[in-house]
Amino acid sequence: MQIVLADLVSADGFVSKDTVAGGYGSRLRPFSRVTRIMSAIKQRLHALPSVQLGYIAAICAAAGHDVVYSEGEAAEGDLAIVLTSLVDYRRECAWAQEQRARGVRVGFVGLAASKLPELFEASGDFVIIGEPEHAIQRLAAGDFLAGRVPSPPIQDLTELPFPRWDLLGGNRRGWSLPFTGRPAGGSFPLLASRGCPEFCTYCPHRILASYRDRPAKNIVDELEYLCAVKHRPYVVFRDPLFSEDRDRCLALCDEIRSRGLLLRFECETRLDRLDPELLQTLRSAGLAAISFGVETSSAETLKRSGRRPIPPSHQQQIMAECRKLGIVTAAFYVLGFLQDDWSAVAATIDYSIALGSTAAQFKLLTPYPGTPMWKQLSARVYETDWQQFDGFTPTFTHPSLSADELRFLLGAAYTRFYVRPSYLANFLRLRGRGLRAAERFDSSVRARHERRERAMMAKAVVC
Ligand code: SF4
């Protein structure tokens, strides 16, 4: 059988799918000068092949099927499997309908298909509910899939073959860029674990299946395979909580070093799952960048959302260690928690600047279907178009902030974080006198931001 794997590229804004927002995806439509630049940078740095389709390609190929990859062009095949998202589901359905009209059977995979199959089932022949590999193994063995197909999670992840990037247009060229950590293009995603053992009520990463991890040796086997297909690969660990098991991380680093693997990698984790010694060990094995959620500066708000706060002193210690080791840092923030008001959001923006990560990403609180937060907020949700659940669009009636205020605060967060001399100095890794000189100019830039904010909203983003 010839199987087409489709990861469709969106023409509207910068869309990330696969494991972003657990698989619901995000869409950044630039809404200011800063976000236009951010979107252009993300297009180059954040466009990764789908790890879910990588596994599906490997399973299908191992069973003797031909695999063809499509980013939107019509491809010849007997069957097409479409990676779904919430933010671009209409395009995915339209493409599926076109393929069916040409006589191709179509199935859907991904979190959006699993949690909202009703969006997809009229456009395809089957919808896989759950992590796809179990159902794909049946399909590859000759089973006829139709309707809603339950797919229980694979408990022992070592049973799975490694993703086949050569079948997904892999081994693309990448260009190393100074100071960014991740190169432009050519990176490989890798899942060393699945799910998350934490309980943040707004998070879609933990709603498809429970947490499972792979042993260090099995992960390094995959890294060795990547080193064989590409010289000095850049690997993006897509686990939401990479360093959950400290001993496993140390064993992973030992194994990378003892096999003499030359690679660079980045990971996402919680800062309380890092310490200076672990960071040094990870760095010596090739760690180039980390990303982590801070979400808000309010410990009380975090607790109300099921998230365990991390003491600011620990966050600052980890930032200082990363700066010392030359590790690029990216912090995630969420604006518009139920407890937030104007000054609470301003405090979070101030905190993001004070923490001094290399980059910051701000999103609006989004009640994703299937999360406890969705249940809590569903009576307040006014947005009926699922594509607007993109992380940057207000979707529910906030008790203290209007939709216009939320949009404005989101734009102000990006402007205040990125438009200041000390940001540039920090990005360029200036320290000592160079950084202090830049910081001296920050206050006049901040005053300009305030004037502009007062002109637009009659108040400034200050707490
Ligand atoms: S730590 Fe919280 S926000 Fe992060 S992946 Fe886990 S549940 Fe989600």
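Me: At what angle do helix α2 and helix α5 pack?

Reply: The model is predicted, so that local features need pLDDT of at least 70 and side-chain atom pairs count only at pLDDT 80 or more, while totals for chains, interfaces and linings use all residues. Residues are numbered from 1 along each chain as its sequence is written. Helix α2 covers residues 51–62 and helix α5 residues 133–140 (helices are DSSP runs of H or I, at least four residues, numbered from the N terminus). Their axes (lines fitted to C-alpha atoms over the stretch in contact, with angles from 0 to 180 degrees between N-to-C directions) are 9 Å apart, and the angle is about 25°.

Me: How are α2 and α5 oriented to each other?

Reply: Angles under 35 degrees count as roughly parallel. The helices pack at about 25°. Therefore, α2 and α5 are roughly parallel.

Me: Which residues of α5 meet α2?

Reply: From α2, the residues Tyr55, Ile56, Ile59 and Cys60 take part (contact requires C-beta atoms, placed from the backbone, within 7 Å). Their partners in α5 are Glu133, Ile136, Gln137 and Ala140.

Me: How many residues does domain 2 give to the contact with domain 1?

Reply: The domain assignment, automatic or from a database, gives domain 1 (2–150) and domain 2 (171–419). Their C-alpha centres lie 23 Å apart. Domain 1 gives 29 residues to the contact, and domain 2 gives 28.

Me: Which element gives the most to the side of domain 1 that touches domain 2?

Reply: Elements that give two or more residues to this side include α3 (89–101) and α4 (111–115). With five residues, the element that gives the most is α1.

Terms used: Angles under 35 degrees count as roughly parallel, over 145 as roughly antiparallel, 65 to 115 as roughly perpendicular and the rest as oblique. Two residues are in contact if their C-beta atoms, placed from the backbone, lie within 7 Å.
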